[in-house]
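Biologist: I've got a few "how do you know that" questions for you. Can we go through them with the model on the screen?

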Amino acid sequence: MGLFDTSTQSFQDMMLMADEMSTEFNISKDDLLNNLLQISFHETGGSYDPKQIQDKGKVGQEGMGLFQFEHGKGEGGNTAINRLIRYNDSLGNTPSYLQNIPIEKGIDSDPDYRYYSGKKGFDATSFSPSEQYMLMMQDLTTDLRKDKVSDISNMSTEDLWIKYHAIPSAQDEQDRRDVYQKNMEVFNVPKTRDILSQLLNYNP
């Protein structure tokens, strides 16, 4: 059984976003989707559970969902949802998943800027798998653009994850890499193959 509900508009939007990201960063769509799946496999310890919550660490810094976006106000989940809001605003889109969360408009430097206004930070587990993948793609896209990266075809998935998602301290980096590499030794499990087949063989 696959991870995604391919009948939804969110899944179609996710696949379109993957097309856009693969073109912008000179990587095949199949490779991009495989990279994202590897990262979600690692972040969930192989469960691919979109509702997974990591309860370690400080309150408000719990990792949430397929990519373990931190939950607290001002944490990674907040950053990612604001980037996804801006992406949709740039296209004039009002998808249903953004209609169900609190969004306010206007800051001192930009009266038209819209942002997530939840009081406790954004919980990525409130989104479907397709919507969580869009969070991740927009989060990565924004940071890759900041670094003026235009080609990730030769960047390992591990490096993409370390540099643009995990972003550990220099002291912790090797330990984090070691765990990632260990998880990738068992990436090719039946569940992974089922999800990859769902993604790579999808025909709208």
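This is a predicted model: local features need pLDDT of at least 70, side-chain atom pairs count only at pLDDT 80 or more; totals for chains, interfaces and linings use all residues.

Biologist: Then what does Tyr 48 touch?

Modeller: Leaving out residues up to four places away in sequence, Tyr 48 touches Leu 3, Leu 37, Ser 40, Phe 41, Leu 66, Phe 187, Lys 191, Thr 192 and Ile 195. Tyr 48 itself lies in the loop between H2 and strand E1 (53-54).

Biologist: Why is Tyr 48 called buried?

Modeller: Buried means under 20% relative accessible area. Tyr 48 has 3%, so it counts as buried.

Biologist: What makes the link between the side chains of Tyr 48 and Thr 192 a polar contact?

Modeller: The cut-off for a pair of N or O atoms is within 3.5 Å, and these two side chains are joined at 2.7 Å.

Biologist: Thr 192 is in H8, residues 190-200. How do you know that the buried residues of H8 line one face?

Modeller: Those residues are Thr 192, Ile 195, Leu 196, Gln 198 and Leu 199. Looking down the axis of H8, they fall within an arc of 160 degrees, so they line one face of the helix. Their cover includes helix H1 (9-24) and helix H2 (29-43).

Biologist: Why do you say strands E4 and E5 pair?

Modeller: Pairing takes at least two bridges. E4 (residues 103-107) and E5 (residues 110-116) have four, in the antiparallel sense, so they pair. A hairpin of two residues joins E4 to E5, and Ile 107 has Asp 110 in E5 as its bridge partner.

Note on methods: Residues are numbered from 1 along each chain as its sequence is written. Side-chain values use heavy atoms; hydrogens and water are left out. Buried means under 20% relative accessible area, exposed over 50%, partly exposed in between (1.4 Å probe, protein chains only). The arc is that of the directions from the helix axis to the C-beta atoms. Contact means heavy atoms within 4.5 Å. A polar contact is a pair of N or O atoms within 3.5 Å; within protein, one must be able to donate a hydrogen and the other to accept it, and residues adjacent in sequence count only if both atoms are side-chain atoms.
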